Amino acid sequence: MKENEEIRMPIKLTIVGNGFDLAIGAKTSYADFYECLKECFNALNLDDFKNHFIFDDNELLINSFFETVSNNKDNYFINYFLNFERVFGNWVSFEKELTRIVKSFDTLLTSLNSNKLFMDLTVGSCVETYVRIIDQTDLLQVLNVYPDNKYFCVNPRIQDFKKVDKDAAVPIYFKNKTFKSIYEVYKGISDFSEEFPLLLHKDLTVLSNLFSIYLGIVNHFANFDCIIQDAFDSSYFINYNFTNYLERIMDENGLAKEKVLY
């Protein structure tokens, strides 16, 4: 070894996958959150909702969760996921479905602002608006899950499609808006295209906040006895979980929590 030569110690890096929480019995999966959300949405009152939990000492968080759901019963995403199981009869991950919703609504807004728009002037004194989206399977499925929401109403049933130049179009009705001229239609669609993404983002923020509150509520649901202590003989940890269970285990074993990187 040469004089003043730097000694480099090996670094042991441990990657903690998102199955860690489930392995220690934590109820942090999207499926667990969904069941809690469903219980809260259908609860008769706060006490009825509290019966859903084994531990209830996180009373402030439980109250906050219930109050948030009660004040957002028309939230698009809450209703979408509660309806998803009813429509398709099975469950799917939040992340996968959120991606499909965002892409589908991007397609819808593109269709509304393109030549895929068709208007029928023969329906009474108002303009009935149809959109050519029959070839967009994902969009039709998304619309079918929650077709009558606070933003618009659609009827994606095949029998309600209107034939337009060999293509089919589905009727879409904007809530609280009545169009009496072609100009009003285009103006209304332009306003909707600007407002809708912002309003939808607010709804998504509510769902995200609910998930954060939920993780705080179920903080007790974990069993650390199954952890192998030798597993913590690492320089750093990269953690892919939402929770701080790994930090808590390290703290209990006198290890530096600063080693955990998210």
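Predicted model: local features only at pLDDT ≥ 70, side-chain atom pairs only at ≥ 80, totals over all residues.

Student: What volume does the second largest pocket have?
Tutor: Phe-77, Val-102, Phe-105, Asp-106, Leu-109, Phe-196, Pro-197, Leu-200, His-201 and Leu-204 line the second largest pocket. By class, this lining has eight nonpolar, one polar and one charged residues. The volume of the second largest pocket is about 180 Å³.

Student: Which element gives the largest share of the lining of the second largest pocket?
Tutor: The residues listed for this lining include Phe-196, Pro-197, Leu-200, His-201 and Leu-204. Two elements, α6 and α8 (182–217), each give two or more residues to the lining of the second largest pocket. The largest share, five residues, comes from α8.

Student: How are α6 and α8 oriented to each other, roughly parallel or roughly antiparallel?
Tutor: The axes of α6 and α8 lie 10 Å apart, and the two helices pack at an angle of about 170°. Angles over 145 degrees count as roughly antiparallel. The two helices, α6 and α8, are therefore roughly antiparallel.

Student: How many residues of the contact of α6 with α8 are nonpolar?
Tutor: On the α6 side, the contact is made by Phe-94, Leu-98, Phe-105, Leu-109 and Leu-112. They meet Ile-189, Phe-192, Ser-193, Phe-196, Pro-197, Leu-200, Leu-204 and Leu-207 in α8. The contact of α6 with α8 has no charged residues and one polar residue, and its nonpolar residues number twelve.

Student: How are α6 and α7 oriented to each other, roughly parallel or roughly perpendicular?
Tutor: Helix α6 (residues 94–112) packs with helix α7 (residues 137–145) at an angle of about 105°, and their axes are 9 Å apart. Angles of 65 to 115 degrees count as roughly perpendicular. The helices α6 and α7 are therefore roughly perpendicular.

Student: How many residues of the contact of α6 with α7 are charged?
Tutor: In α6, Arg-100, Ile-101, Ser-104, Phe-105, Thr-107 and Leu-108 take part; in α7, their partners are Asp-138, Leu-139, Gln-141, Val-142 and Leu-143. Six residues of the contact of α6 with α7 are nonpolar and three are polar, while the charged residues number two.

Student: Which elements give two or more residues to the lining of the largest pocket?
Tutor: The largest pocket has a volume of about 300 Å³. Of the 14 residues that line it, Asn-18, Thr-28, Ser-29, Tyr-30 and Phe-242 are the closest to its centre. The elements that give two or more residues to this lining are α1 (20–23) and α2 (30–42).

Student: Which strands stand at the edges of the open sheet of three strands?
Tutor: The order in this sheet is β1-β7-β8, with parallel pairing. Four bridges join β1 to strand β7 (residues 236–239) in the parallel sense, and Val-16 stands opposite Asn-239 in β7. One side of each edge strand is left without a neighbour in the sheet, because each has a single partner strand; these strands are β1 (13–16) and β8 (260–261).

Key: Residues numbered from 1 in each chain as written. Heavy atoms only, no water. Axes fitted to C-alpha atoms, helices over the stretch in contact; angles between N-to-C directions. Parallel < 35°, antiparallel > 145°, perpendicular 65-115°, else oblique. Contact = heavy atoms within 4.5 Å. Nonpolar A, V, L, I, M, F, W, Y, C, P; charged D, E, K, R; others polar. 1 Å grid on protein atoms, 1.4 Å probe; cavity = no way out; pocket = protein on both sides within 12 Å on 5 of 7 lines; lining within 4 Å. Points joined across faces, edges and corners; volume = space filled by probe spheres on them. Pairing = 2+ DSSP bridges.
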